[in-house]
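Hi,

Here is the structure I promised to pass on to you. Have a look at it first, and then read on for what turned up.

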Amino acid sequence: MEPTMANGSSSDIISWFEDVSENAPSVQTRTLRRILQLNFAVEYLKKWIGEVSIEDMEDKALESLYTSLVPLASHADFEPYVQRIADGEKAALITQEPITTLSLSSGTTDGRQKYVPFTRHSSKTTLQIFKLAAAYRSRIYSTKEGGRILEFIYSSKQFKTKGGITVGTATTHYYASEEFKIKQRETKSYICSPEEVISSGDYKQSTYCHLLLGLYFNDQVEFIASTFAFSIVQSFRSFEESWKDICNDIRDGTLSSKITIPSVRKAVLDIISVPNPSLAKRVISKCVELEEMDWVGLIPKLWPNAKYVYSIMTGSMQHYLTKLRHYAGDLPLVSGDYGSTESWIGVNVDPCCPPEKVSFAVVPTFSYFEFIPLNRSENEDGKSAIDDFIEDDPVPLSNVKIGKQYEIVLTTFTGLYRYRLGDVVEVVGFHRNTPKLNFICRRKLILTVNIDKNTENDLQLVVEKGSKILRKARAELVDFTSHAEVVKNPGHYIIYWEIKGEVEERILEECCREMDASFVDHGYVVSRRSNSIGPLELCIVEKGTFKKIMENFIANGAALSQFKTPRCTSNQVLLRILHLCTIKRFHSTAYGP
Ligand code: AMP
């Protein structure tokens, strides 16, 4: 039987993964058996399976029994159990081992933070996927042992529920775990910042210190990383403003008075307190040149030994690729792996693949995965489909087909059974016998007024077309979101843009028209032609609006490490911010004046 986790060197880890991917179908049925053996007697499973003895059952028979008796479920089905755990109930509700920690999912994808069980297994699989991905990267990009990573990572605050359970984001639990230290030791690369900086709880202070320490160790930095690409982009945007203060600190061995948290001050000053005027001078002269060139190629210029930039750049992060390339110059961008607070899913085994084309090989020991086949709905009356897809029955990993799209269903070691994750993926190939997935979008429809159906991905494509016009006019789209306005009749889409640079109004009118005309969804086109959906509205918001949105999420417990700008929102607080910050409005004339 294959071990669930590999230990040892990079080549051991890769050969372990090659082996489990070769045998992915049988590894999956054994993974399911393990999960059920561990948790068979828990209240949730007993409710569906009863008292059947599973010990003597064949793996395949157990899989059929499980999928025929236990229903597909959503987060709402687990909420009452998770609530009882949070309240301190000790009975075996969803896992045999008591759950002492809960994670908060970022909530930035569907607007609501969810509590998700977190166990030692969660930290172990995080360590496992990071080591595995590092092993694949090291085959292509050789980094120096003992080198450093400039890693923009942030913990959120942890708190206790009334039942004494620790709550925080999954990344927060991981950064606080032993596994985070083991990963640095075993991959022989160390983050520039001490733990106090990661967990300061104030993202601005953390970012300043990450940048300062990154420059302090600049010759040793082997690569630049973050969980999601957004954090790298926002860090370098802030560097454009703060580089002079950072250079002063390097020169004098001091720390700006903006850093007010005593533990952070102490930890950083312990490292940088020896003045380093020659380094400061070098950095200043590079920054002066960079500033003149609008910071193109900032990363290789300031971190000459960096081999690549590593972060999740797919899905809702795709928008930041343009800016990331701007900062990264010729350095390769390596797309980070695929997972969620609920479970890790797939690893990037082709680190040199451009982020637009990257796929993730499913790790078949992490969870038991099922795939709901999704077909694009031809139905135009909008009555039967809850969204754009018609579903078939879920299939196991062994039955997925190349070219088809699926929603992922998870059965985890942490007590989620046939849990619909809500992500849509496409199978684009196989790594030995485990599927390679392209992340397509969140399942939830994001823009709909009546019979029209547009996903996050559809919106992304439309915004990309509009922002091309903007780029030609030498301006930059900083960030965007959208809203389906249905209060007035006819309803219409609003797209909010924050832009950098001066743009003439006629250009923005053109962007607005182009985006309206670029929604190819049949329901939208028909409705626009008949005016049952009104002209698309483009609202330009003032500088700093999206920062306010991010800060609003962070104030509510989200961590910057997991933050994703919601691409569509009905959240009243966000809509108020957007409304108050709107400085210009345009209405599309794509379907007539
Ligand atoms: P959360 O657990 O709330 O921080 O977010 C997990 C979600 O982030 C997943 O369900 C995906 O929708 C998205 N996500 C995670 N990894 C990737 C990736 N590599 N590419 C695209 N989206 C991702």
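Below is a tour of what was found, one region at a time.

Before you start, keep in mind that this is a predicted model.

Let's begin with strand β18, which covers residues 434-442.

β18 pairs with strand β17 (residues 419-431) in the antiparallel sense, over 8 bridges. If you want a spot to look for, find Asp-423, which stands opposite Arg-442 in β18. The hairpin of β17 and β18 has 2 residues between the strands, and Arg-432 takes a positive phi near 50° there. β18 also pairs with strand β12 (residues 360-362), again in the antiparallel sense, over 2 bridges. Here, Ala-361 has Lys-436 in β18 as its bridge partner.

**An open sheet with a helix across it**

Next, look further along the chain. An open sheet is made of 4 strands in the order β19-β20-β21-β22, with mixed pairing. Which strands stand at the edges? They are β19 (476-485) and β22 (582-587); each has a single partner strand, so one side of each has no neighbour in the sheet. From one strand to the next, the twist averages 20°.

Within this sheet, β19 and strand β20 (residues 492-500) pair in the antiparallel sense over 9 bridges. Asp-479 stands opposite Glu-498 in β20. Helix α20 (residues 572-581) lies across β19, β20, β21 (537-541) and β22, and runs at about 90° to β22.

**Helices and what they touch**

Now for some helices. Two packed helices are described by the angle between their axes and the distance between the axes. Helix α1 (residues 10-22) packs with α6 at an angle of about 105°, and their axes are 9 Å apart. That makes α1 and α6 roughly perpendicular to each other. On the α1 side, the residues that meet α6 include Ile-13, Trp-16 and Phe-17. On the α6 side, Leu-132, Ala-135 and Tyr-136 are among those that meet α1.

Helix α8 (residues 178-187) has Glu-179, Phe-180, Ile-182, Lys-183 and Gln-184 buried. What covers them? The cover includes α6 (120-140), β3 (147-152), α7 (170-175), β6 (189-191) and α9 (195-198). Just after α8, Lys-188 takes a positive phi of about 55°.

**Aromatic rings and a charge**

The structure holds 30 aromatic pairs. One of them is formed by Phe-223 and Tyr-310: it is edge-to-face, with 6.4 Å centre to centre and 75° between the planes. Phe-223 lies in strand β7 (residues 221-228) and Tyr-310 in strand β8 (residues 308-312), so this pair ties together parts that are 87 residues apart in sequence. Phe-223 is buried, at a relative accessible area of 5%, and Tyr-310 counts as buried at 12% relative accessibility.

Elsewhere, ring pairs link Tyr-44, Phe-78, Tyr-81, Tyr-417 and Tyr-419 into a cluster.

**Two loop residues**

Finally, here are two phenylalanines in loops. Phe-519 lies in the loop between α17 (505-518) and α18 (522-529). Is Phe-519 buried or exposed? Its relative accessibility is 1%, so Phe-519 counts as buried. Leaving out residues up to four places away in sequence, Phe-519 touches several others, including Leu-447, Leu-459, Tyr-493 and Ile-495. Phe-519 and Leu-459 are 60 residues apart in sequence and 7.7 Å apart in space, C-alpha to C-alpha.

Phe-217 lies in the loop between α10 (203-216) and β7. Phe-217 is buried too, with a relative accessible area of 10%. Which residues does Phe-217 touch? Not counting residues up to four places away in sequence, they are Arg-148, Cys-192 and Ile-271.

Definitions and conventions: Residues are numbered from 1 along each chain as its sequence is written. This is a predicted model: local features need pLDDT of at least 70, side-chain atom pairs count only at pLDDT 80 or more; totals for chains, interfaces and linings use all residues. Side-chain values use heavy atoms; hydrogens and water are left out. Buried means under 20% relative accessible area, exposed over 50%, partly exposed in between (1.4 Å probe, protein chains only). Two strands pair if DSSP finds at least two bridges between them. Axes are lines fitted to C-alpha atoms, for helices over the stretch in contact, and angles run from 0 to 180 degrees between N-to-C directions. Contact means heavy atoms within 4.5 Å. Rings of Phe, Tyr and Trp (its six-membered ring) pair if their centres lie within 6.5 Å; planes under 30 degrees apart count as stacked, over 60 as edge-to-face and the rest as tilted. Angles under 35 degrees count as roughly parallel, over 145 as roughly antiparallel, 65 to 115 as roughly perpendicular and the rest as oblique.
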